[in-house]
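Subject: Structure for your review

Dear colleague,

Please find the structure below, together with its sequence. My findings follow, and I would be grateful if you would read them with the model open.

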Amino acid sequence: MTALFTLDPTAVATVRADDKPAILRMLAERFAGVYNLPQSHVLERIEERERLGSTGFGRGVAIPHARIDGLTRPVAVFFRLETPVGFDAADGLPVDLVFGLLSPDQAGAAHLHALAAISRMMRDERMHQALIQAPGPEALYGLLCNVIDRDAA
């Protein structure tokens, strides 16, 4: 748990995906399993947001996000991809880090603050490299929580 959103340790993983739709399906599955949300609804909302424009942030990072009913605070999932995958990012580069975020339907400011924190963290090249080189999910989780909590303070 961070100051801005919930990141459960079981929501952090290294995964293999062949394409963007597979990543979105895996995100919905993980959100559903970890946070007890309806998987089909989560996927529908993430895909709906993605149709507005790619959430490929650039520099190998994607931040798929959506607002969804039934939440009391923002929740997150983080995937490090085994191999980079095309995500229609603005810079054209494939992504190797995917940070999913779901926020309550009416959480305007909370959603924006959480997205801003994730975006700041993902722009840091040293952090990007640390996440790529981390030995496993526990190390990934530790890196993510330490930086987000430090920056929120």
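**Findings**

H128 is buried, because its relative accessible area is 7%, which lies under the 20% cut-off. Please bear in mind throughout that this is a predicted model. The residue belongs to helix α4, which covers residues 125–133. When neighbours within four places in sequence are set aside, the contacts of H128 are R59, G60, V61, D96 and L97.

- Strand β3 (residues 61–62) pairs with β6 in the parallel sense over two bridges; here A62 is opposite V98 of β6.
- Strand β4 (residues 65–68) also runs parallel to β6, and four bridges join them; H65 faces L101 of β6.
- Strand β5 (residues 75–85) runs antiparallel to β6, joined to it by seven bridges; A76 has L101 of β6 as its bridge partner.

The largest nonpolar core has 50 residues, and the members that touch the most others are F31, L102, M122 and L144. Which residues does F31 contact, leaving aside its neighbours within four places in sequence? They are N36, L37, V42, I46, V75, A76, V77, G100, L101 and L102.

Helix α1 (residues 20–35) packs against helix α2 (residues 39–52) at an angle of about 140°, and their axes are 8 Å apart. On the α1 side the contact is made by K20, L24, R25, L27, A28, E29, F31 and A32, and on the α2 side by Q39, V42, L43, I46, E47 and E50. The two helices are therefore oblique to each other, and α1 passes α2 in a right-handed crossing.

With kind regards

Methods:
Residues numbered from 1 in each chain as written. Predicted model: local features only at pLDDT ≥ 70, side-chain atom pairs only at ≥ 80, totals over all residues. Heavy atoms only, no water. Buried < 20%, exposed > 50% of the residue type's maximum accessible area, 1.4 Å probe, protein only. Contact = heavy atoms within 4.5 Å. Core = buried A, V, L, I, M, F, W, Y, C linked by side-chain atoms within 4.5 Å. Pairing = 2+ DSSP bridges. Axes fitted to C-alpha atoms, helices over the stretch in contact; angles between N-to-C directions. Parallel < 35°, antiparallel > 145°, perpendicular 65-115°, else oblique. Left-handed = near helix turned anticlockwise from the far one by under 90°.
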